[in-house]
Each structure stands twice: as C-alpha cells, then as structure tokens.
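This report describes selected features of one protein chain.

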Amino acid sequence: MNQPIPLPSSQAPARIGQGTAVEQSRAAAEVQAAVVVAQQCPRNIQAAVSEMRESCQQQGLAERAFFRYSRAGSTITGPSVHLARELARVWGNVQYGLVELRRDDEYGQSEMQAFAWDVQTNSRNSSTFIVPHIRDTKKGPKQLTETRDIYENNANNGARRVREAIFAILPPWFVEEAKDICNRTLRDGGGKPLAQRIADAISTFEGIGVTADRVEAKLERPSAKWTEHDVAQLGVIFKSIQRGEVTAEDEFPAQRVTTDELTGPAPAPAPAE
C-alpha cells in the first residue's frame, strides 16, 4: 500500500520561542484591554479639539507638519506623518503602526502592513504592500543588503502609508482645522518681525549653499517684497531638504550663464565698403 506523500507545511515557523509566545499573548491581551478602556473612557471631543489647537500653535510642530518633494517635474505637498501622529495622540483611543509581515532576502523585498485603528468606534484602515530592498540614487538603483539599511528603507516607505491610514480614520474637519492652524503658526513665525524672519531665512539657506538670488528667483520677487506666506513656504522647503525629501538643486536650480554673459555680446559686423 502506497503511503501518502506528506505535504509541506505552511511558511509559518515550526518553532516559536518563549519570548515570541509571550509577546503574542501580551499583544492579544493589550488589544482586548484597549477596547475595554475605550468603551469605558470615551474621548472628550471638546478636550481633543482644544489640545489639537494648542499643539498646532507650537512652532516646533508647525515646522514639521508638512512635507514637500518632487515627482515627475511637479512638486507634491501635504500634511506629514509627524502631524498625523500628533493628531492621533490628541484624538485618543487610536492605535497605529507598521509591521513587517515577511522578509524575503532571496528576492530582495519585504511585505509590510501599515494600519490605524480607532478602538472606540472600531474604524480601521490598513494596507499591505511590498517594499523592494532598493534605494534610488543619482547613479541609479542601489541594492540594499545591510540589515540597518533595509530597516530604514522599510520605515521610510511605511511612514507614508501610516500617515494615510491615520488620516483615513480621523474626522476630516479635525485634520483640516489642524492644517489651517499650523499654516497660521508658520506665517506668524513665533512673533518675530517679518524683516527679521526674512533675514534669518536668507542666512539659513546660505548656510546650505543656496544664495539669496536663487531664493528670490524661486519666489519670483526680491526679498524686500516677501510676505509671511513666502517665509512660511521657505521654512517647509528647508525642513524637506533636511529630511532628504527634496534637494536644494531641485528647489533652487542655479541660473544658467550664457556665452554672452561670460564673454560679452558679439561685436557688430563691420559696415560694408
């Protein structure tokens, strides 16, 4: 009698360590406790709105509240993951995170999941996606093999999905008011006079090799005519450069010098005799 051929087991690990088993039990108990606490201590919407307004009036949060990067020749802007995390905190009873479901070093990719969950209303948003172990560079794609490089690449790619998951479960009016207050905070500039903020902005960009004339070309007007909105936008651009979302060369391209500017205009042809 032929014996059946044993089928391969699933890809789940055959052995689970004691630490993993304890963590799984702890995580399950934590989820149950979070639901119970959320039902027993529902959020105070008025208190959440008040705390949101106070947080968004802080210069430190406002400066990190927006991202900016270039794609296909256009500039993409919007509220950042830093603002999303702060709004989730003040709204309360919200859990969010990023999980690496599976890493495949043979194919050079990780399967990730980003999620946000309002445990009080049981509103949940999640997305599962693949992150190649590749980093784009000016010399072309670079394959990542170091554990730390892979971790940072996964975290950077996952942060955008976490941001969208959080915003998906928060009330739109709550998010829009937070964005408006952050914009006002940026325009106010911490109470500094506009002239001082303009001088500080020029000095800041000169510190990273961007001259004042390149900044003026970006805004299409001299610094004497800059507004509070202009200075606020420069602040967002500078923070995005610091975070590596854009480069100074992309935002402030150097002006091209023509041959006539280098050598002077060509001499006029001699009159015919």
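In helix α4, the buried residues are Val81, Leu83, Ala84, Glu86, Leu87, Ala88, Val90 and Trp91. The model is a predicted one. Helix α4 spans residues 81-91 and is mostly covered, with 8 of its 11 residues buried. In an α-helix there are 3.6 residues a turn, so residues three or four places apart point the same way. Glycine 92 follows α4 and has a positive phi, near 85 degrees.

For the chain in general, 33% of the 273 residues count as buried. The chain contains 11 helices and 7 strands. Of the contacts between residues at least 6 apart in sequence, 59% join residues at least 24 apart.

Alanine 62 belongs to helix α3, which covers residues 59-62. This alanine 62 is buried, its relative accessible area being 0%. Where sequence neighbours up to four places away are not counted, alanine 62 touches Cys56, Cys182, Thr185 and Leu186. Between alanine 62 and leucine 186 lie 124 residues along the chain, yet their C-alpha atoms are separated by 6.2 Å.

**Arginine 214**

Helix α8, residues 212-219, holds arginine 214. Apart from neighbours within four places in sequence, the residues in contact with arginine 214 are Gly209, Ala248, Glu249, Phe252, Pro253 and Ala254.

**Aromatic pairs and a charge over a ring**

The structure has 5 aromatic pairs.

| Aromatic pair | Centre to centre | Angle between the planes |
|---|---|---|
| Tryptophan 173 and phenylalanine 174 | 5.7 Å | 85 degrees |
| Phenylalanine 205 and phenylalanine 238 | 5.7 Å | 80 degrees |

Phenylalanine 205 lies in helix α7 (residues 194-206) and phenylalanine 238 in helix α9 (residues 228-242), so their pairing ties together parts that are 33 residues apart in sequence. Phenylalanine 205 has a relative accessibility of 2% and therefore counts as buried. Phenylalanine 238, at 16% relative accessibility, also counts as buried.

In the pair of tryptophan 173 and phenylalanine 174, is each ring residue buried or partly exposed? Tryptophan 173 counts as partly exposed because its relative accessibility is 45%. Phenylalanine 174 counts as buried, with a relative accessibility of 0%. Ring pairs also join Trp173 and Phe174 with Trp91 in a cluster. Trp91 is one of the buried residues of α4, which links this cluster to the helix described at the outset.

A further ring carries a charged group over its face: arginine 161 lies over phenylalanine 129, at 4.2 Å from the ring centre.

Key. Residues are numbered from 1 along each chain as its sequence is written. This is a predicted model: local features need pLDDT of at least 70, side-chain atom pairs count only at pLDDT 80 or more; totals for chains, interfaces and linings use all residues. Side-chain values use heavy atoms; hydrogens and water are left out. Rings of Phe, Tyr and Trp (its six-membered ring) pair if their centres lie within 6.5 Å; planes under 30 degrees apart count as stacked, over 60 as edge-to-face and the rest as tilted. Buried means under 20% relative accessible area, exposed over 50%, partly exposed in between (1.4 Å probe, protein chains only). Helices (H or I, at least four residues) and strands (E, at least two) are DSSP runs, numbered from the N terminus. A charge sits over a ring if NZ of Lys or CZ of Arg is within 6 Å of the ring centre and within 35 degrees of the ring normal. Contact means heavy atoms within 4.5 Å.
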